[in-house]
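Hi,

Here is the structure I promised to pass on. Have a look at it first, and then read my notes below.

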Amino acid sequence: MGSIREEFGVRLREIRQSEGFTQRQLAEKIGLSVEAVSNLERGVHAPSFDTLEDLSKALETPVLEFFRFHQD
């Protein structure tokens, strides 16, 4: 198991892809750069509460879903 940031990033990528968004499309929708979205997905940075809320709205996904990590 990776860090919470890494696990969050993996889950964010899964949700983004399942909703059919590219990183660029998601970035534009939530007002971040593509690099910032990439950094979230790679676990380089953790999201702020505001960013979590924006992701939730943009991806029409409850915030809790971003923290449902896969168990090995």
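What covers the buried residues of α4? Before I get to that, a word on the ground rules. This is a predicted model, in which local features need pLDDT of at least 70, side-chain atom pairs count only at pLDDT 80 or more, and totals for chains, interfaces and linings use all residues. Residues are numbered from 1 along each chain as its sequence is written, and side-chain values use heavy atoms, with hydrogens and water left out.

Back to α4, then. The cover over its buried residues includes α1, α2 and α3. Helices here are DSSP runs (H or I, at least four residues; strands are E, at least two), numbered from the N terminus. The buried residues in α4 are T51, L52, L55, S56 and A58. "Buried" means under 20% relative accessible area, "exposed" means over 50%, and "partly exposed" is in between (1.4 Å probe, protein chains only). After α4 comes E60, with a positive phi near 50 degrees.

Next, helix α1. An α-helix has 3.6 residues a turn, so residues three or four places apart point the same way. Following α1 is G20, which has a positive phi near 80 degrees.

Now for the aromatic rings. The structure has three aromatic pairs. Rings of Phe, Tyr and Trp (its six-membered ring) pair if their centres lie within 6.5 Å; planes under 30 degrees apart are stacked, over 60 edge-to-face, and the rest tilted. One of the pairs is F8 with F66, tilted, at 5.8 Å centre to centre and 40 degrees between the planes. That pair links distant parts of the chain, as F8 is in helix α1 and F66 is in the segment after α4, 58 residues apart. F8 counts as buried because its relative accessibility is 2%, and F66 is buried too, at 0%. F8 also forms a tilted pair with F67, 5.4 Å centre to centre with 45 degrees between the planes. F8 lies in helix α1 and F67 in the segment after α4, so this pair ties together parts 59 residues apart in sequence. Ring pairs join F8, F66, F67 and F69 into a cluster.

The segment after α4 has a few other residues to look at. L59 sits there and is buried, at 1% relative accessibility. Leaving out residues up to four places away in sequence, L59 touches L12, I15, R16, E19, F21, L26 and F66, where contact means heavy atoms within 4.5 Å.

Is V63 buried or partly exposed? V63 has 33% relative accessibility, so it counts as partly exposed. F67 is partly exposed too, at 36%.

Happy exploring!
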